[in-house]
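This report goes through the fold of one model in running text. Please look over the sequence and the structure first.

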Amino acid sequence: MASVAEYKGLKAGYYCGYCESREGKASCGMWAHSLTVQDYQDLIDRGWRRSGKYVYKPIMNQTCCPQYTIRCHPLQFQPSKSHKKVLKKMLKFLAKGEISKGNCEDEPMDSTMEGAVAGDFALINKLDIKCDLKTLSSDLKGSIESEEKKKEKNLKKDGSKELIHPQAIEKLGSGEPSHSIQVHTGPKPGKGADLSKPPCRKAKEMRKERKRLKLMQQNSAGAFEGLQAQGQPASLLPKAKSNQPKSLEDLIFESLPENASHKLEVRLVPASFEDPEFKSSFNQSLSLYTKYQVTIHQDSPINCGKTEFTRFLCNSPLEAEHPANGPECGYGSFHQQYWLDGKIIAVGVIDILPYCVSSVYLYYDPDYSFLSLGVYSALREIAFTRQLHEKTSQLSYYYMGFYIHSCPKMRYKGQYRPSDLLCPETYVWVPIEQCLPSLDVSKYCRFNQDPQAVDEGRSKDPDRVRILYRRSALPYGVYKKNHQEDPREEVAVLEYANLVGQKCSERMLLFKN
């Protein structure tokens, strides 16, 4: 089935939620009645993005906040320290039900319960949506304090650490006030209270100690190999520590105890009312979306009801496809639902395309903001892309929507490395590290450094643009000769062809009534 789109043209001079300019935003758009996954893949590789069935492309050299398409390389991705911290926090919550309070604000991309979207990896593409993302810090610097210094710091602290008792967790997100049961540990002794502990040592001494321990580990590993050569049974040999860092999957799917406090299940559901699982969970998903929009984005409940939710996050122009060489779930639009103890606490809306998983939006229960669900879901989606790649080798990228360097609140997407930005003129991918120096100087940049390079996918023959007119498909050259009455139509067709590129203009049907 061919894609069918109705071009709406340029929309300029309207409100921008990123810089709050009243009339600075500019984009071109089209209403997609249907899209093949290949056509949409080619469109997002030319800077397009969808919001429901509306597909739009910012006019980069005109809009107040240029939005650069960004993609991550999941196969080479290594979680940062802050990412690992989020994953460990989730595992601790699932295993023990305990929530450590007080150290959220120093985590990059961490959602808070005050109503500002900080950790939310909801890739915002809804037109005119209010963007109130908190300014984010860069990845946590590697710790330069030793365990001894940390202990000393903790000893100096007066007061106690508060923990929310596991019984209180059941109240969270239930719609009832969450009356946390606070368990206070005893006050910690002051400096010098525990004489059994070694005195504070100088940094130089501690570095020497760490070096000595490392050499001991290496020597023990060498001894291990020697004993193996002598034929000693493996069970009697000392265990050598592996210096290999844990993979993303190791961190996400670490085994939980049998008596774990909570159970988390992630379900992939096609975004279709014909799917029984999507249909049965619709009302719960809708309630969650409304709660998220009202609490996090301060939307009026009237503006985030069933109609808006369906139009924005359920209706998709993508036609589901199940080729033999594709992923088992097929291609199309999906809701990735996060079920905690039988209740949905987050939903990531994604598109699975021939070469990527494209993140559309995320909404979650604000009562669980302490779990940094925005960051957590992004890491799960990166891991999911890697999983799909095992069956479908060409599917190897994770698209994160738009990177907006001129809006500090939106730079957090650049923390998922390695990643590329799309050149707005030649539509080639450039590593983000090469783009950032230019973006620091100018908000609009051509990333391709070759001054002779041009857009190789541009429309070269507008007469070959396919037109859908009175239920018949015909080349624009024929339509122009026999049916075009308004000469202004040609301007719109040429603009459309240049924006979608030659391949899409020859495959897609441009609707004319």
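The model is predicted, and local features need pLDDT of at least 70, side-chain atom pairs count only at pLDDT 80 or more, while totals for chains, interfaces and linings use all residues. Residues are numbered from 1 along each chain as its sequence is written, and side-chain values use heavy atoms, with hydrogens and water left out.

## The seven-strand sheet

Helices (H or I, at least four residues) and strands (E, at least two) are DSSP runs numbered from the N terminus. Two strands count as paired if DSSP finds at least two bridges between them. An open sheet with mixed pairing has seven strands in the order β3-β4-β2-β1-β18-β16-β17. Because β3 (49-51) and β17 stand at the edges with a single partner strand each, one side of each is left without a neighbour in the sheet. From one strand to the next the twist averages 40 degrees; axes here are lines fitted to C-alpha atoms, for helices over the stretch in contact, and angles run from 0 to 180 degrees between N-to-C directions.

Strand β16 has neighbours in both senses. Strand β16 (residues 466-469) runs antiparallel to strand β17 (residues 472-475), with four bridges, and parallel to strand β18 (residues 509-512), with three bridges. Y469 has S472 as its bridge partner in β17 and K512 as its bridge partner in β18. I467 stands opposite L474 in β17. The hairpin of β16 and β17 has two residues between the strands, and R470 in this hairpin takes a positive phi near 50 degrees.

Elsewhere in the sheet, strand β2 (residues 25-34) pairs with β4 in the antiparallel sense over five bridges. W31 stands opposite Y54 in β4. Helix α13 (residues 488-507) packs on this sheet and touches β1 (4-14), β2, β4, β16 and β18, its direction making about 120 degrees with that of β1. Contact means heavy atoms within 4.5 Å.

## The eight-strand sheet

A second open sheet, also with mixed pairing, has eight strands in the order β9-β10-β11-β12-β13-β5-β14-β15. Its edge strands, β9 (264-270) and β15 (429-431), each pair on one side only. The twist averages 30 degrees from one strand to the next. Strands β5 and β13 run antiparallel and are joined by four bridges, and C72 has Y398 as its bridge partner in β13. Helix α10 packs on the sheet and touches β5, β9, β10, β11, β12 and β13; the direction of α10 makes about 155 degrees with that of β12. Helix α8 lies across β10 (332-340), β11 (343-352) and β12 (356-364), at about 75 degrees to β12.

## Helix pairs

| Pair | Angle | Axes | Residues by class |
|---|---|---|---|
| α8 (residues 282-296) and α9 (residues 306-314) | about 100 degrees | 10 Å apart | seven nonpolar, two polar, one charged |
| α2 (residues 81-96) and α10 (residues 373-391) | roughly 100 degrees | within 10 Å | seven nonpolar, one polar, no charged |

Ala, Val, Leu, Ile, Met, Phe, Trp, Tyr, Cys and Pro count as nonpolar, Asp, Glu, Lys and Arg as charged, and the others, Gly among them, as polar. Helices α8 and α9 are therefore roughly perpendicular to each other, and so are α2 and α10. Angles under 35 degrees count as roughly parallel, over 145 as roughly antiparallel, 65 to 115 as roughly perpendicular and the rest as oblique.

The contact of α8 with α9 is made by F282, S285, L286 and Y289 of α8 and K306, F309, T310, F312, L313 and C314 of α9. In the other pair, H83, V86, L87 and M90 of α2 meet L373, V375, Y376 and L379 of α10.

## Backbone details

Q298 lies in the loop between α8 and α9. Its phi is near 55 degrees, a positive value in a residue other than glycine. The peptide bond from R417 to P418 is cis, with omega near -5 degrees, and P418 is found in the loop between β13 (397-403) and β14 (419-422).

## Cavities

The structure holds two cavities of 30 Å³ or more. A cavity is a set of points on a 1 Å grid over the protein atoms alone where a 1.4 Å probe fits but cannot get out, and lining residues have an atom within 4 Å of a point. Grid points are joined across faces, edges and corners, and a volume is the space filled by probe spheres set on the points. The largest cavity has about 70 Å³ of space. Its lining consists of R46, G47, K57, P58, M60, Q67, Y68, T69, L422, C423, P424 and Y427. Strands β4 (54-58) and β5 (68-72) are the elements that give two or more residues to this lining. By class, the lining has seven nonpolar, three polar and two charged residues.

How values were computed:
1 Å grid on protein atoms, 1.4 Å probe; cavity = no way out; pocket = protein on both sides within 12 Å on 5 of 7 lines; lining within 4 Å.
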